[in-house]
Protein chains: 2
Amino acid sequence: MLRIIKIGGNIIDNPAKLQAFLKAFALLDGPKILVHGGGKIASEFGEKLGIRAKMHNGRRITDRETLDLVTMVYAGLINKNIVAGLQANQCNAIGLSGADANSLLARKRPIKEVDFGFVGDVVEGGVQNSWIKTLLDSGLCPVFCPITHDGTGCLLNTNADTIASQLAVAMAGYGETELIYCFEKKGVLSNVDDDDSVIHEINRAEFNKLLEQGIIADGMIPKLENALHSVERGVKQVRIMDASELGRLSQGLPVGTVIL
Amino acid sequence: MLRIIKIGGNIIDNPAKLQAFLKAFALLDGPKILVHGGGKIASEFGEKLGIRAKMHNGRRITDRETLDLVTMVYAGLINKNIVAGLQANQCNAIGLSGADANSLLARKRPIKEVDFGFVGDVVEGGVQNSWIKTLLDSGLCPVFCPITHDGTGCLLNTNADTIASQLAVAMAGYGETELIYCFEKKGVLSNVDDDDSVIHEINRAEFNKLLEQGIIADGMIPKLENALHSVERGVKQVRIMDASELGRLSQGLPVGTVIL
């Protein structure tokens, strides 16, 4: 089974956690793809460079200088250090932006009330899955940063969660695919005050019941909606888990919440 | 014939020149590899970030923060914009650092009188030529930035001219290879005051004669020594030319100085 694993700021921003994650990731058997987000490093460099984060309703606006900043930090600093770290753990990683080998073709988000700037969404059919399959078949592990391109020479800032989901859907045609989101909790909790109250499996019917009972709320709703959407589009399962439990996963132990 | 073309700051720092170059490069027939250097952009960002360039006898010392800076600028900003620009010109480019697919394995330069920091040299046999051959055979155009890795998770700053030469030598085993250095002149000049006095061909005997006559001097001596060295190690020819004449090259016209 192909695994597509997405990590975000809580791992990227913590060197010790990142090293432990890369070690465990390298040990995972079978074909795998890593997708990483940004983290605080971009904001830190942005501040030093005098680039103020521009937000609208909590969402970042990517102007030209912010695009340059995230291209440097995501595609350069973070991506290449992750690749070198995986190489050190005998995992033959190859870092990619969507521009590389035209692997993720996106379109700038249309301007409605707000111009979000150089933010793009991968277009339908925009994932070069046959080429990614070739990489996997030759034993390489693609590592995607959240930078895509529009085919006319313009780079675009793209949501890493969405890239992971679109990769998983596009690769599902070749065989079983599992999409894994690493986050700061062990999984979806039945009791927010108990970190160990992980719900092991959720399907659409179960989701509706949990939603009704108010057990799933806030930011967890879109996360699970997206997960169910991926499953309905052909992904075998989506797992939400704590990155530090990746070692347990390679041992075949139950980890996190599986959305079926 | 495989062409390995190296461009430096005089093109990278000039957006109009860079766009014209990428267009002409995309039109070049046959397999090709692009190697790019750094340019002033890294120093500009370095200044904004308060990272002062540390030099010893005119050579840069790459401390930890400088390494992060060049990784961001070379592997991120410059590399991904070049790749997106080539994609816009229908050239299926893939940007690579030496860490990606372990393509260029290097070793930190040993400390003698001076510690140059995170500067590395590609080791003997460190070019993954069979993998690069696979990329070329599948119609991709590798675009290398001057960042390599040491296999233990450490990225290294490596001279782009040397990377180009080592790639050319390593690929020569597969067939005829031409190494092209783009610089600010039309070629090696017989009269420094006449930009059109290009010497069309130079071999080792001719080089010795020109050296004796004082026609070749200063920075041109190591350039030609390196070129002759590449030829002696199996590269069919080395060409030194002005990037703006790349269009003439695809038309089969005589361009620059060819070292045989």
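1. Contact here means heavy atoms within 4.5 Å. With that in mind, 100% of the interface residues of chain B are also interface residues in chain A, so the copies meet through the same surface.

2. A word on what you are looking at: this is a predicted model, in which local features need pLDDT of at least 70, side-chain atom pairs count only at pLDDT 80 or more, and totals for chains, interfaces and linings use all residues. Residues are numbered from 1 along each chain as its sequence is written, chains are lettered from A and ligands numbered from 1 in the order in which they are written, and side-chain values use heavy atoms, with hydrogens and water left out.

3. On confidence, pLDDT is the predictor's own score for each residue, from 0 to 100. Chain A averages 94, and 100% of its residues score at least 70. For the complex, the predictor gives an ipTM of 0.96 and a pTM of 0.96.

4. Helices (H or I, at least four residues) and strands (E, at least two) are DSSP runs, numbered from the N terminus, and two strands pair if DSSP finds at least two bridges between them. In chain A, 8 strands form an open sheet of mixed pairing, in the order E5-E8-E2-E1-E11-E13-E14-E12. Strands E5 (93-96) and E12 (201-202) of chain A stand at the edges, each with a single partner strand, so one side of each is left without a neighbour in the sheet. E5(A) runs parallel to strand E8 (residues 141-144) of chain A, joined by 4 bridges; within this pairing, Gly95(A) has Val143(A) as its bridge partner.

5. Chain B also has an open, mixed sheet of 8 strands, ordered E5-E8-E2-E1-E11-E13-E14-E12. Further in, strands E1 (residues 2-7) and E2 (residues 32-36) of chain B pair in the parallel sense over 5 bridges, and Ile5(B) is bridged to Leu34(B).

6. Finally, two side-chain details to look up. A charge sits over a ring if NZ of Lys or CZ of Arg is within 6 Å of the ring centre and within 35 degrees of the ring normal. Lys32(A) has its charged end over the ring of Phe25(A), 5.2 Å from the centre, while Lys48(B) lies over the face of Phe45(B), at 5.0 Å from the ring centre.
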